[in-house]
Amino acid sequence: MKRAQIEVMGLAVIVVLVALGLFFVIALSLNNDPEQPKQEFTNSQLAKNFLTSFVRSDTPCGSMADLIQDAAVQNNLQCNGVSSKEYVNQTAAYYLEQTLDVWGYTYNFSIPRAGIEIIPGEDCTSDRDKWGTGYQPLSAYPYGDIDIFLDLCS
Amino acid sequence: MKKAQIQMGESIAVVVIVIVLIVFGIVIYSRLSQSGIEEKQRIYEELDAIELATIILGLPETHCTFLHSTDINCLDRLKLKHFAGQLDESPAVRLFYADLFGESDVSVAIITPGEETEVITLYQGTTGEDANPFFVPVNIYDPLEQRYAFGYLNITVS
(Lines give C-alpha, C1' and ligand atoms only; values in the text may rest on other atoms or scores of the structure.)
Protein backbone atom coordinates (compact mmCIF):
# COMPACT_ATOMS: atom_id res chain seq x y z
CA MET A 1 0.00 0.00 0.00
CA LYS A 2 1.32 3.43 -0.92
CA ARG A 3 1.89 6.22 1.63
CA ALA A 4 -0.92 8.38 0.19
CA GLN A 5 -3.40 5.50 0.59
CA ILE A 6 -2.36 5.03 4.22
CA GLU A 7 -2.93 8.74 4.93
CA VAL A 8 -6.38 8.57 3.32
CA MET A 9 -7.17 5.59 5.56
CA GLY A 10 -6.08 7.64 8.61
CA LEU A 11 -8.35 10.50 7.59
CA ALA A 12 -11.23 8.05 7.07
CA VAL A 13 -10.73 6.66 10.59
CA ILE A 14 -10.86 10.20 12.04
CA VAL A 15 -14.03 11.00 10.08
CA VAL A 16 -15.63 7.75 11.35
CA LEU A 17 -14.72 8.63 14.96
CA VAL A 18 -16.17 12.15 14.63
CA ALA A 19 -19.34 10.74 13.04
CA LEU A 20 -19.69 8.23 15.90
CA GLY A 21 -19.28 11.03 18.44
CA LEU A 22 -21.96 13.12 16.72
CA PHE A 23 -24.24 10.09 16.56
CA PHE A 24 -23.98 9.61 20.36
CA VAL A 25 -24.60 13.30 21.03
CA ILE A 26 -27.74 13.34 18.84
CA ALA A 27 -28.99 10.00 20.20
CA LEU A 28 -28.65 11.18 23.83
CA SER A 29 -30.30 14.51 23.05
CA LEU A 30 -33.29 12.80 21.44
CA ASN A 31 -33.68 10.44 24.41
CA ASN A 32 -34.98 13.34 26.58
CA ASP A 33 -38.06 13.93 24.43
CA PRO A 34 -40.31 11.03 25.62
CA GLU A 35 -40.61 12.67 29.09
CA GLN A 36 -42.51 15.65 27.62
CA PRO A 37 -45.96 13.96 27.62
CA LYS A 38 -45.64 13.19 31.35
CA GLN A 39 -44.89 16.86 32.06
CA GLU A 40 -47.90 17.89 29.99
CA PHE A 41 -50.07 15.39 31.85
CA THR A 42 -48.88 16.66 35.25
CA ASN A 43 -49.50 20.29 34.27
CA SER A 44 -52.94 19.47 32.85
CA GLN A 45 -53.81 17.77 36.13
CA LEU A 46 -52.61 20.84 38.01
CA ALA A 47 -54.83 23.11 35.89
CA LYS A 48 -57.84 20.78 36.24
CA ASN A 49 -57.39 20.40 40.01
CA PHE A 50 -57.11 24.17 40.35
CA LEU A 51 -60.39 24.74 38.52
CA THR A 52 -62.23 21.95 40.37
CA SER A 53 -61.10 23.28 43.76
CA PHE A 54 -61.84 26.89 42.78
CA VAL A 55 -65.40 26.19 41.63
CA ARG A 56 -66.12 24.07 44.68
CA SER A 57 -64.79 26.52 47.27
CA ASP A 58 -67.18 28.49 49.48
CA THR A 59 -67.33 32.25 49.88
CA PRO A 60 -68.99 34.40 52.59
CA CYS A 61 -71.91 34.79 50.13
CA GLY A 62 -72.46 31.16 49.14
CA SER A 63 -70.57 28.80 46.89
CA MET A 64 -68.20 30.05 44.20
CA ALA A 65 -70.21 28.06 41.63
CA ASP A 66 -73.35 30.09 42.51
CA LEU A 67 -71.45 33.36 42.14
CA ILE A 68 -69.97 32.29 38.78
CA GLN A 69 -73.44 31.31 37.55
CA ASP A 70 -74.83 34.68 38.61
CA ALA A 71 -71.87 36.55 37.11
CA ALA A 72 -72.39 34.76 33.78
CA VAL A 73 -76.18 35.05 33.60
CA GLN A 74 -77.59 38.02 35.54
CA ASN A 75 -74.88 39.67 37.69
CA ASN A 76 -77.50 40.49 40.35
CA LEU A 77 -75.78 39.23 43.50
CA GLN A 78 -73.55 41.37 45.69
CA CYS A 79 -70.70 39.96 47.78
CA ASN A 80 -68.53 42.02 50.15
CA GLY A 81 -69.89 45.19 48.57
CA VAL A 82 -69.04 44.28 44.99
CA SER A 83 -70.92 42.55 42.17
CA SER A 84 -70.66 38.77 41.75
CA LYS A 85 -68.55 39.26 38.61
CA GLU A 86 -66.10 41.53 40.41
CA TYR A 87 -65.94 39.21 43.43
CA VAL A 88 -65.23 36.12 41.27
CA ASN A 89 -62.58 38.08 39.38
CA GLN A 90 -60.89 39.32 42.58
CA THR A 91 -60.99 35.92 44.29
CA ALA A 92 -59.66 34.05 41.26
CA ALA A 93 -56.86 36.60 40.88
CA TYR A 94 -55.98 36.19 44.58
CA TYR A 95 -55.89 32.37 44.42
CA LEU A 96 -53.82 32.46 41.23
CA GLU A 97 -51.43 34.97 42.78
CA GLN A 98 -50.97 32.78 45.88
CA THR A 99 -50.39 29.59 43.89
CA LEU A 100 -49.40 29.64 40.20
CA ASP A 101 -47.57 32.98 40.42
CA VAL A 102 -45.54 31.74 43.40
CA TRP A 103 -44.82 28.41 41.66
CA GLY A 104 -43.49 30.21 38.59
CA TYR A 105 -46.22 29.49 36.04
CA THR A 106 -47.51 31.79 33.32
CA TYR A 107 -51.21 31.32 32.73
CA ASN A 108 -54.45 32.47 31.16
CA PHE A 109 -57.59 32.17 33.27
CA SER A 110 -60.91 32.93 31.66
CA ILE A 111 -64.67 32.61 32.05
CA PRO A 112 -65.72 33.93 28.63
CA ARG A 113 -69.45 34.03 29.36
CA ALA A 114 -68.92 36.18 32.45
CA GLY A 115 -66.41 38.38 30.64
CA ILE A 116 -63.66 37.44 33.09
CA GLU A 117 -60.11 37.11 31.82
CA ILE A 118 -56.94 37.12 33.93
CA ILE A 119 -53.67 37.24 31.99
CA PRO A 120 -50.96 38.57 34.31
CA GLY A 121 -47.93 37.92 32.12
CA GLU A 122 -47.44 37.05 28.48
CA ASP A 123 -50.43 35.61 26.66
CA CYS A 124 -50.13 31.82 26.39
CA THR A 125 -53.00 30.92 24.12
CA SER A 126 -50.81 29.56 21.30
CA ASP A 127 -50.41 25.78 21.33
CA ARG A 128 -46.65 26.01 20.95
CA ASP A 129 -46.02 27.36 24.46
CA LYS A 130 -48.81 25.52 26.25
CA TRP A 131 -47.82 23.21 29.14
CA GLY A 132 -51.26 22.11 30.17
CA THR A 133 -54.91 23.02 29.86
CA GLY A 134 -57.74 22.82 32.37
CA TYR A 135 -61.40 23.05 31.48
CA GLN A 136 -64.33 23.06 33.88
CA PRO A 137 -67.92 23.21 32.61
CA LEU A 138 -70.61 24.54 34.92
CA SER A 139 -74.32 24.20 34.34
CA ALA A 140 -76.45 27.36 34.42
CA TYR A 141 -79.72 25.60 33.57
CA PRO A 142 -81.94 26.83 31.90
CA TYR A 143 -79.42 29.34 30.56
CA GLY A 144 -76.98 26.82 29.08
CA ASP A 145 -73.44 26.05 30.23
CA ILE A 146 -70.57 28.15 31.49
CA ASP A 147 -67.02 27.21 30.51
CA ILE A 148 -64.01 27.98 32.68
CA PHE A 149 -60.51 27.69 31.18
CA LEU A 150 -57.03 27.70 32.66
CA ASP A 151 -54.03 27.45 30.31
CA LEU A 152 -50.55 26.96 31.76
CA CYS A 153 -47.46 27.72 29.74
CA SER A 154 -43.73 28.11 30.07
CA MET B 1 16.25 16.15 10.59
CA LYS B 2 16.11 12.89 8.73
CA LYS B 3 13.15 11.66 6.70
CA ALA B 4 12.46 8.82 9.16
CA GLN B 5 12.30 11.30 12.05
CA ILE B 6 9.80 13.48 10.15
CA GLN B 7 7.62 10.43 9.45
CA MET B 8 7.82 9.45 13.12
CA GLY B 9 6.76 12.98 14.12
CA GLU B 10 3.77 12.76 11.73
CA SER B 11 2.71 9.42 13.20
CA ILE B 12 2.96 10.79 16.74
CA ALA B 13 0.91 13.89 15.76
CA VAL B 14 -1.81 11.70 14.22
CA VAL B 15 -1.94 9.50 17.33
CA VAL B 16 -2.14 12.59 19.60
CA ILE B 17 -5.01 14.06 17.50
CA VAL B 18 -6.91 10.76 17.59
CA ILE B 19 -6.43 10.48 21.37
CA VAL B 20 -7.63 14.08 21.83
CA LEU B 21 -10.73 13.32 19.74
CA ILE B 22 -11.47 10.16 21.72
CA VAL B 23 -11.02 11.95 25.08
CA PHE B 24 -13.21 14.83 23.85
CA GLY B 25 -15.90 12.30 22.87
CA ILE B 26 -15.70 10.51 26.22
CA VAL B 27 -15.98 13.82 28.12
CA ILE B 28 -19.07 14.89 26.13
CA TYR B 29 -20.63 11.46 26.51
CA SER B 30 -20.05 11.36 30.28
CA ARG B 31 -21.45 14.90 30.75
CA LEU B 32 -24.56 14.06 28.75
CA SER B 33 -24.95 10.80 30.67
CA GLN B 34 -24.59 12.67 33.97
CA SER B 35 -27.24 15.24 33.00
CA GLY B 36 -29.43 12.34 31.86
CA ILE B 37 -29.01 10.62 35.23
CA GLU B 38 -29.85 13.86 37.09
CA GLU B 39 -32.91 14.32 34.86
CA LYS B 40 -33.99 10.73 35.58
CA GLN B 41 -33.51 11.31 39.33
CA ARG B 42 -35.67 14.44 39.14
CA ILE B 43 -38.35 12.52 37.21
CA TYR B 44 -38.36 9.68 39.75
CA GLU B 45 -38.62 12.19 42.62
CA GLU B 46 -41.55 13.77 40.81
CA LEU B 47 -43.19 10.36 40.31
CA ASP B 48 -42.68 9.58 44.02
CA ALA B 49 -44.32 12.91 44.89
CA ILE B 50 -47.28 12.16 42.57
CA GLU B 51 -47.65 8.71 44.14
CA LEU B 52 -47.49 10.15 47.66
CA ALA B 53 -50.03 12.86 46.76
CA THR B 54 -52.42 10.19 45.47
CA ILE B 55 -51.97 8.17 48.65
CA ILE B 56 -52.53 11.18 50.94
CA LEU B 57 -55.67 12.21 49.03
CA GLY B 58 -57.04 8.71 49.59
CA LEU B 59 -55.78 8.23 53.15
CA PRO B 60 -58.64 7.67 55.65
CA GLU B 61 -56.69 9.79 58.17
CA THR B 62 -56.97 12.88 55.95
CA HIS B 63 -59.66 12.67 53.27
CA CYS B 64 -63.24 13.92 53.47
CA THR B 65 -66.01 11.38 53.96
CA PHE B 66 -69.76 11.81 53.90
CA LEU B 67 -71.93 8.91 55.07
CA HIS B 68 -69.05 6.47 54.43
CA SER B 69 -68.51 7.70 50.86
CA THR B 70 -65.20 9.32 49.98
CA ASP B 71 -65.09 12.80 48.55
CA ILE B 72 -62.45 13.17 45.83
CA ASN B 73 -59.72 15.81 45.90
CA CYS B 74 -60.77 16.91 49.37
CA LEU B 75 -59.01 16.94 52.74
CA ASP B 76 -60.76 17.24 56.09
CA ARG B 77 -59.41 20.16 58.14
CA LEU B 78 -60.09 18.56 61.53
CA LYS B 79 -58.59 15.22 60.48
CA LEU B 80 -55.53 17.02 59.12
CA LYS B 81 -54.95 18.95 62.35
CA HIS B 82 -55.38 15.86 64.51
CA PHE B 83 -53.16 13.74 62.24
CA ALA B 84 -50.46 16.46 62.16
CA GLY B 85 -50.58 16.66 65.98
CA GLN B 86 -50.25 12.88 66.31
CA LEU B 87 -47.30 12.77 63.89
CA ASP B 88 -45.62 15.64 65.72
CA GLU B 89 -46.13 14.41 69.28
CA SER B 90 -45.93 10.64 69.11
CA PRO B 91 -42.65 8.98 67.98
CA ALA B 92 -44.52 5.68 67.62
CA VAL B 93 -47.02 7.20 65.19
CA ARG B 94 -44.19 8.91 63.30
CA LEU B 95 -42.32 5.62 63.04
CA PHE B 96 -45.48 3.87 61.83
CA TYR B 97 -45.92 6.36 58.97
CA ALA B 98 -42.20 6.71 58.17
CA ASP B 99 -42.42 3.98 55.51
CA LEU B 100 -45.30 5.74 53.80
CA PHE B 101 -43.90 9.27 53.81
CA GLY B 102 -40.23 8.33 53.44
CA GLU B 103 -37.87 11.23 52.81
CA SER B 104 -40.48 13.84 52.13
CA ASP B 105 -42.01 17.05 53.45
CA VAL B 106 -45.80 17.16 53.39
CA SER B 107 -47.88 20.22 54.19
CA VAL B 108 -51.29 21.64 53.35
CA ALA B 109 -51.91 25.35 52.75
CA ILE B 110 -55.38 26.85 53.21
CA ILE B 111 -55.90 30.10 51.29
CA THR B 112 -58.61 32.50 52.39
CA PRO B 113 -58.96 35.93 50.71
CA GLY B 114 -58.20 38.74 53.15
CA GLU B 115 -56.50 36.42 55.64
CA GLU B 116 -53.03 35.01 56.04
CA THR B 117 -52.51 31.61 54.42
CA GLU B 118 -52.75 28.85 57.04
CA VAL B 119 -50.19 26.05 56.68
CA ILE B 120 -50.65 22.66 58.35
CA THR B 121 -47.38 20.72 58.35
CA LEU B 122 -48.01 16.98 58.34
CA TYR B 123 -44.54 15.52 58.03
CA GLN B 124 -40.95 16.68 57.68
CA GLY B 125 -38.45 14.10 56.52
CA THR B 126 -36.38 15.48 53.64
CA THR B 127 -32.62 15.31 53.74
CA GLY B 128 -31.67 16.98 50.46
CA GLU B 129 -31.73 20.70 49.81
CA ASP B 130 -32.24 20.56 46.03
CA ALA B 131 -35.55 18.70 46.13
CA ASN B 132 -38.36 19.95 43.86
CA PRO B 133 -41.74 20.68 45.44
CA PHE B 134 -44.90 19.24 43.88
CA PHE B 135 -48.25 20.98 44.32
CA VAL B 136 -51.81 19.68 44.10
CA PRO B 137 -54.70 22.17 44.44
CA VAL B 138 -57.35 20.68 46.75
CA ASN B 139 -60.42 21.64 48.74
CA ILE B 140 -60.14 21.66 52.52
CA TYR B 141 -63.45 20.92 54.19
CA ASP B 142 -64.26 22.29 57.62
CA PRO B 143 -66.91 19.96 59.14
CA LEU B 144 -67.72 22.43 61.93
CA GLU B 145 -68.57 25.30 59.60
CA GLN B 146 -69.52 22.94 56.74
CA ARG B 147 -67.50 24.97 54.27
CA TYR B 148 -65.01 24.16 51.54
CA ALA B 149 -61.86 26.28 51.43
CA PHE B 150 -59.40 26.51 48.57
CA GLY B 151 -55.89 25.22 49.26
CA TYR B 152 -53.10 23.02 48.05
CA LEU B 153 -51.09 20.00 49.06
CA ASN B 154 -47.34 20.64 49.01
CA ILE B 155 -45.09 17.58 48.72
CA THR B 156 -41.31 17.65 48.49
CA VAL B 157 -39.48 14.36 47.96
CA SER B 158 -35.71 14.07 48.21
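**Entry 1: the sheet of chain A**

I began with the open sheet of chain A, in which four strands follow the order β6-β5-β8-β7 with antiparallel pairing. I note at the outset that this is a predicted model, and I read what follows with that in mind. At the edges of the sheet I found β6 (116-118) and β7 (130-139) of chain A, each of which pairs on one side only.

**Entry 2: pairings of β8(A)**

I then followed β8 of chain A, residues 145-153, which pairs in the antiparallel sense with β5 of chain A, residues 106-111, over five bridges. Within that pairing I picked out Y107(A), whose bridge partner in β8(A) is L152(A). Turning to β7(A), I found that nine bridges join this strand to β8(A) and that the two run antiparallel; here T133(A) has D151(A) as its bridge partner in β8(A). The hairpin formed by β7(A) and β8(A) has five residues between the strands, and I marked G144(A) there for its positive phi near 90°.

**Entry 3: the helix across the sheet**

Which helix lies across β5, β6 and β8 of chain A? I identified α4 of chain A, residues 84-98, and noted that this helix runs at about 20° to β6(A).

**Entry 4: the interface of chains A and B**

I next turned to the contact between the chains, where 35 residues of chain B meet 29 residues of chain A. The two chains bury about 2800 Å² between them, and 63% of that area is on carbon and sulfur atoms. In chain B, the residues that lose the most area to chain A are P137(B), Y148(B) and F150(B), which together make up 20% of what that side buries.

**Entry 5: what chain B brings to the interface**

I looked up the elements that give two or more residues to the side of chain B that touches chain A, and these are α1 (3-58), β2 (69-76), β5 (133-142) and β6 (147-157) of chain B. The largest share of that side, 13 residues, comes from α1(B). By residue class, I noted that the side of chain B touching chain A divides into 22 nonpolar, seven polar and six charged residues.

Conventions: Residues are numbered from 1 along each chain as its sequence is written. Chains are lettered from A and ligands numbered from 1 in the order in which they are written. This is a predicted model: local features need pLDDT of at least 70, side-chain atom pairs count only at pLDDT 80 or more; totals for chains, interfaces and linings use all residues. Side-chain values use heavy atoms; hydrogens and water are left out. Contact means heavy atoms within 4.5 Å. Buried area is the accessible area (1.4 Å probe) that two parts lose on being put together, summed over both. Ala, Val, Leu, Ile, Met, Phe, Trp, Tyr, Cys and Pro count as nonpolar, Asp, Glu, Lys and Arg as charged, and the others, Gly among them, as polar. Two strands pair if DSSP finds at least two bridges between them. Axes are lines fitted to C-alpha atoms, for helices over the stretch in contact, and angles run from 0 to 180 degrees between N-to-C directions.
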